Amino acid sequence: MSAFPFYCDVSLPVPLDRTFTYVLAQTLRHRVQRGSRVIVPFGARKLTGVVLRTHQDQTEQKLRDVIRLLDEQPVFDDHLIELAQWIAGYYCAPLGEVFRVMAPLGGEVSQRRTYSLTDTGRDAARQLFLEAGSEVDATTQILRLLDERPLSESHLARKVEKAASIIRRLVKNGLVSMEDDPLQRDPLRSPADRLQAAFIRRTEDKLPKREREVLAYLELHPGPHALDKLEEVIKGAATATRALARKQLADVRLIQPSMSSPHARPPHRLNTSQQLAYNTISSAIQERIYRTCLLHGVTGSGKTEVYLRSIEAALAEGRTALLLVPEIALTPAVAAQFASRFGDRAAILHSAFNDTERAAQWRRIHDGDVRVAVGTRSAVFAPLRDLGLIIVDEEHDNSYKQEENPRYHGRDVAVVRARMAKACVVLGSATPSLESRYNAELEKYSLIELPERIEKRPMPEVELIDMRDEFLETRTQAIFSRRLITAIQEKLEANEQVMLLMNRRGFSSFVTCRACGERMMCVNCSVTMTYHRRDRRMLCHYCNHSEKVPSKCPKCDSEYIQFLGSGSEKVEDELHRAFPEARIARMDRDTVSGKRMHEAILDAFRAREYDMLVGTQMIAKGHDIPNVTLVGIINADIGLGMPDFRAAERTFQLLTQAAGRAGRGNIPGQVLVQTINPDHYAIRFAAAQDYRLFYEKELSFRRAMRYPPFSALANVIVRSENKEDAMTMSGEIASLLTPPPESIRVLGPSEAAVPRLKREFRYQLLLKSSSRRVLATTLHQIRHHALDRKWNATALVIDVDPMSLM
Ligand code: ADP
Ligand code: ZN
Ligand code: ZN
């Protein structure tokens, strides 16, 4: 008997908690390994799954064959498989779905849907040929084409009019079946501006003229050339070069997206606090022990330099390192310094890359070509071997939480991964999350503090402006207080720069009828529409539905439509009016669309092409622009009213971070905060820039309410386009939880904070527990209930450690 396995157990991206066993053909037996991806049949579909085990166990069932092996070398090693299993358990997510997000290799495989005749279809087709005369209708045409061979929809659409709807009908009637066929994608088919070519060798063979020219050019000009640039030199070069690549005369590959590094700086000499931080981190790396360090450093204290040195320490030990950032496009400064320090030794995993680019970067890491990676949330899965260090920059940032399945938190996965890999993990922030700071207090994490700014620069001076007094004194509802206007004036005259934070986009936040008070609501969601003046439309910020502003009130026919509340677009507009001479840039999701837009706006601002930058929370994140001496916060109260126990924490973080943008150069900074809640502790302590006091106050509130970090929390949402269905489902969960398991408290079911979202009605149950284990078991029971009852796959949402309760 052969020593090679005959079967493999495969984890598939389906919502079931089990593996599926397939048969390995003779040719695959010695090649398929644990951690490799395979394509297998599943019902009528073909799916990509991950092999977890190969074996020769006797099995009685009739099993199907593995169709194709995608990886000769496993893409997941034992560590990543173990991590995936932890995520599936902790976040109550199907393992196959976890694997799907772990490796961004979708770009290497594309799906092609093909149609073929079923047996009944074949009979019908034959029958039709016998009957049909010279006139054949579209249906017959399609059946005839498919009788020859299986075809894609686009192919059929080219030959037959209205093919799509006919095919759907034929599928429904059981005459035609469809299959999703994964295709390995050829990088040569990428567009010219993503490919580069280099010379390999000459040939004696006769080549077409273009190819000869291109090959000669490449030989004369050594090194890689972008295909679109070649095209400018020789017309038709892009096609000719691809042909040369197929003949192995030229090397064509994807251009490695490179990090721009305009501000290459030599390493700084560490100051005393930085040196202490570095020592703690590097000793853990050298000793190969697991350690989580909370690097709590005030804004401008030089955390980045500590990160970079620590990465060097990991590399010097022969280990690898990973840097996670909230949204890389928002922190070009970090990426740039990173590039100038590590250059080609680093890979970036950028959320703005397309699938093919992401897959290429992932491969470089997997193949060991690079030993450092920087990226956003999902980079926590980068397949680095012998990982010595993970850094999570701005660890408090909400973008680390994935808001779709699997709903993991990148920071927490980083800690677990580090523990499994015996690595050091550094959580850095000026405003650590309550959870992390509390863990440091409990000595689960080592606390490292950088209490002062670099070179003892003063923290910016923060002044609160009570907008209620401002109104009483001026009797006008102005966006800017007189104090803010004067301060801006002064800075402009001194040739210094100003940042203004308005954490809401759009022009007006409500469109209402003056006569009857009706507010314009989204048709899909129970939220008000925001007016965007540039597009002259109302937009829903939850589902992106947009509409023209009605000329008459839909309820009472009155023509008095008014616009209330303000957003960043209006701030920019009013600012132009108040300072007609000033050069003003705006940064929010409406002005930043393309990948490189953030960087372009920030670079221009840094280069002083603008005097002022207005924006949403995007402008508050991590930027280091020395000439900014004034930060104005237009409306500090926006986040406070949110129905979420983290509202105060978020407000404190946002204000502190925004204030921290001021005075990072040699001139001290000033911060003006406009508010109508000057006595609220989040605003008061942010103004005082006193993390300690905020932390203590907030912690006592969390303790009293049994909110995290004093309990484990899970948000369970059921949703359906049919309100009764949503209610029934939430009732079923409620009765599962009656009486609640010991240690669990259940709040709800009740309507969610946004009761209707994207056309679905939503009900919510909030589970608080003092035991993680009991919570996990209970959530799995809920999930199994949904599976047993065959609920729609999207009806149940389980969010463990939710960051948003909406
Ligand atoms: P943080 O991330 O803590 O807000 P940064 O890492 O952006 O702070 O550092 C603030 C500034 O101080 C940057 O311009 C950085 O280049 C500079 N810097 C960092 N470390 C030193 C040092 N040891 N000596 C002098 N300048 C430093
Ligand atoms: Zn009205
Ligand atoms: Zn909507």
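1. The four donor atoms around the zinc ion (ligand 3) subtend angles of 103 to 114 degrees, so the arrangement is tetrahedral (four donors with all angles between 85 and 135 degrees). Donors are N, O and S atoms within 2.8 Å of the metal (3.2 Å for Na, K and Ca); water is not among the atoms, so sites may look incomplete.

2. This is a predicted model: local features need pLDDT of at least 70, side-chain atom pairs count only at pLDDT 80 or more, and totals for chains, interfaces and linings use all residues. Residues are numbered from 1 along each chain as its sequence is written, chains are lettered from A and ligands numbered from 1 in the order written, and side-chain values use heavy atoms, without hydrogens and water.

3. Which residues hold the zinc ion (ligand 3)? Cys522, Cys525, Cys540 and Cys543 do, each through SG, at 2.2 to 2.4 Å. Their spacing is C-x2-C-x14-C-x2-C. Cys522 sits in the loop between β21 and β22, and Cys540 in the loop between β23 (537-539) and β24, so the pair ties together parts 18 residues apart in sequence. Strands are DSSP runs (E, at least two residues), numbered from the N terminus.

4. Cys522 is buried, at 5% relative accessible area. Cys540 is buried, at 0%. Buried means under 20%, exposed over 50%, partly exposed in between (1.4 Å probe, protein chains only).

5. Cys516 is partly exposed, at 32%. Cys556 is partly exposed, at 35%.

Terms used
Four donors count as tetrahedral if all angles lie between 85 and 135 degrees; four count as square planar and six as octahedral if opposite donors are over 155 degrees apart and all others between 65 and 115; anything else is irregular. Helices (H or I, at least four residues) and strands (E, at least two) are DSSP runs, numbered from the N terminus.
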